[in-house]
Amino acid sequence: MNPLSRVYYSGDATAEYNSDLNQGDDHTAADRGEEGPGLPAVAAASWSFQATTVAPGSLALDVTNGQIRQRFQMENNVVATRLDFNQVNRPVVTEAFRQGSEQEFKTESFAQSASASGLLDVLVVIDTSGSMKEEQSNLSTKLMPLLSYVKDADWKIGVVTTDPNAGCLRGLIRKGDRNAEQLFANAVNAGIQGSGNERGILQAVNGLKGECNQNGSWLRTNSTVAVLIVSDEDNCSAGQDCGNVPWARADYLVNYMNSIRKVGVNARTYGLVWHPTVTQSACNTAFHKASIYADAIFRTGGSWGSICESDYSNTLQAISYDLSVILKTQFALQYEPYASSLKVYVNNQLQKSGYRLTGNVLEFTSAPAEGSSIRVEYEFTNEPPKNEFFLANQVDGSTLQVYLDGAPTSAFTYDAGARSIRFNDAPMVYEIKAVYRKEGELKSDFQIGNNANPSSVRVSVDGKATTGFSYSSSTGLVRMTKAPADSAAVSISFDQTLTPKLSYPIYAATDVRNEVRVYDAKTTRAIPVRIENDQVVFQSRDYRALREILVVYPAAGSDALKVDLGRAVLEDSIVVKGEKSGACAPALFTVNGSEVDLKSCKFQANEGILIDFSYAAAHNHIFDLGSLDMDLSQYSWKVAVNGVETKDYSITDNQLIFPDLPMHSKVDVSLFKVTH
C-alpha cells in the first residue's frame, strides 16, 4: 500500500489520500482494525473541508467626489507547498516454534487447592458507545467479584473495546500488580466516544491475537482462556450493521478460540448483555438484544448476566465459579503426551478412568478433592532438538527479534537466503518465538507532481532534513535513496508554478459595475478588463506577478455616506477609519446587508474614509473527493459536521453532497477498510 499523504493547499480543503486503496489488502493489521505495536488504527483516507470561505476586503471612499478606490496586488503564481506523507506501517508477524527432544519422559505434579489454581487468561471486551457510561462504572469496581473463586490462580486480565479504531489491547492487569484494582478500573472506564457500530466479535479475536503488541499474543501457553463481552447492544450494533463480513457472526470468535484452545474445555465466552430470552421490560436500558453474542456464549459453554443489573457482582461471581471448576478439573501439561504413555495418579493411586486427554489438557470427570496430590507421567515427541527454524516470510532483518521461552536473545543468526533462524547450539527451551516485519513493502517513491521547481525541493524524515533523494520532473516522483522506516513522517516542501490568477474581487454595487475603471497603480495607465459578476477579469497578457492595481468606481446611490459594498459582509468584521478623524466606533455606523451607513461617524467633509471588512466569498454543500478508483463496498465512511457524526449526505461521482449546511460548518470525512 502507498503512504498516506496530507496535502496542504492555499484554498479551503485539506485532503488526505491513499493512491493505492484499490489493492484490497485485507491481511494487514491496519485492515483488521489494528496498526502495529501500540499504535491506533489509521483511516485509509481522510478529508477536511470548510463549507464557508471567508475573505477579507478593503476600500477607500472619497466623499468629495463620490468615488471608491480599491487597491490590490496580482498574485504570484509561484506557491510554496508542503506535502506530508506517512510511511506504511508493516504488520508485526509472530511465529512460534516448539523445541523437540528425543524420547523425553516427563513427570508433572499438581496440588488441588481450595481455590482454583493454574494459568487463567481473561479478555474483557467493553462497549465504548455513547450509552455505556453507567455500565462501565458498574463493572470498573468489580475486579474482586470476578476473581472471587480464582484468586489463587495465576491470572491475567486484558481489556479491549468494541471499537477497532481504539487498537487491540487497552490494558493488561496481572496477578501481583500492587494497584490491580485501579488498573482494572482505568482500563474498563474506556469512555463513550467509540463507534456506535460495536464490533465485539472482531475485537475479541483481535484482543486474543494481540498482533498490535510488540511481543505478539499476551496469552500464555496452556492457560485457560475466557472472553467476557460487556455491551448494551449486539455485535454490529443491531446484529446486522457490518454487512457480509466474517466477524459479523459468532463463528469468527468460536472458530478462532477453537484454533488456540479446546472450546468448552479450556476456552469459553461469557457476557453481560441483553440476552434474547430477557424481555424489554426486564432490561429497559439496553438497545438491542445480543443474539450473536448469545450464540458465542452458548456454543462455548459459557454463561451470562443482564447488562441492565444494578450490580454485576452476582454474575461475575458465577463466572468466577465456572472458571474455578475448569481450573479444578483441568490441568494443562507442559507438553502434549503420547496418549498410550499417559499415567495419572491421585494421592499416589493409579487412575484407570475418570479423566480424558484433549491435546495437552488433562480433564477429570469430577474434580479431585481439596488437598489431593495429582501426578502425571508421560512421554512426548521423539524429535531431536533443533538449532534452525524456518520462517514463513522473507524478513526485514533489522526488525527481527527472537525470544526463548519469553526471554529476548541475540545469540542467533538470520539466513536471508534460507529464511531461517540459526543457533550455534540447539536451545534447550520449550518455545522459540520470532517477531518481525516482512522484507520490502516500504515505499521509497513519493509523488509530488511535475510542476515543482527542482532546485527548491527539500525533504525531511521524522523532522530531520536529508539529502538522500532525487526528484524527476517528468514523473513527478521524489525517490529516496533508502526507504524511510515504518510509520516515518516524510515531509517534502517545494515551490510550484501555478496558472496565473486573472480574476480578482471588486466591491462595486451592481448598478455601477459598468463604470468600473482599472489602472496600473504605478504608471496610472488604464488596463482593459471585463467585469464578471463581482470579479474583475484581466487578459493574460496584462498579468505581472505582484503588479499593483488600482480600481476606481462611483459610490452607489445619492448619499455618499451610505456605502454599498456589493456583497453581504460579516457585521462584526467591519472597521471604519477616517484619514483625519481616526476610527469610527462600531456603535456609530449601521450595516444593512451590503450597505454601511456612516452618517453618524461625523467625518470631516473632505477626508478619505478607509473601510476594512470580511465577507463570505463562497458557501458550499458539495465537496470533491478527488479520484476514488476503488471498490467502495470494501470501505466504510465516517462523516462529521462540526464534530458530530451524520448520515445526512450522499456520495455521487466522487462528490460528497449535503442537502444543506449551516454557515461556517467544518466537515470531516474518513474512509476505513473493512474485511469481507
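This is a predicted model: local features need pLDDT of at least 70, side-chain atom pairs count only at pLDDT 80 or more; totals for chains, interfaces and linings use all residues.
The lining of the largest cavity is made up of Leu-120, Val-122, Leu-146, Leu-147, Trp-155, Ile-157 and Leu-323, where a cavity is a set of points, on a 1 Å grid over the protein atoms alone, at which a 1.4 Å probe fits but cannot get out, and lining residues have an atom within 4 Å of a point. Residues are numbered from 1 along each chain as its sequence is written, and side-chain values use heavy atoms, with hydrogens and water left out.

The structure holds 1 cavity of 30 Å³ or more, and the largest has a volume of about 30 Å³, that is, the space filled by probe spheres set on grid points joined across faces, edges and corners. Strands β9 (119-126) and β10 (154-161) each supply at least two of its lining residues, strands being DSSP runs of E of at least two residues, and helices runs of H or I of at least four, numbered from the N terminus. By class, the lining has 7 nonpolar, no polar and no charged residues, with Ala, Val, Leu, Ile, Met, Phe, Trp, Tyr, Cys and Pro counted as nonpolar, Asp, Glu, Lys and Arg as charged, and the others, Gly among them, as polar.

Turning to the helices, α4 (residues 200-209) and α6 (residues 251-260) pack at an angle of about 20°, with their axes 8 Å apart; axes are lines fitted to C-alpha atoms, for helices over the stretch in contact, and angles run from 0 to 180 degrees between N-to-C directions. The two are therefore roughly parallel to each other, the term for angles under 35 degrees.

Technical notes:
On a 1 Å grid over the protein atoms alone, a cavity is a set of points where a 1.4 Å probe fits but cannot get out, and a pocket is an open set with protein on both sides within 12 Å along at least five of seven lines; lining residues have an atom within 4 Å of a point. Angles under 35 degrees count as roughly parallel, over 145 as roughly antiparallel, 65 to 115 as roughly perpendicular and the rest as oblique.
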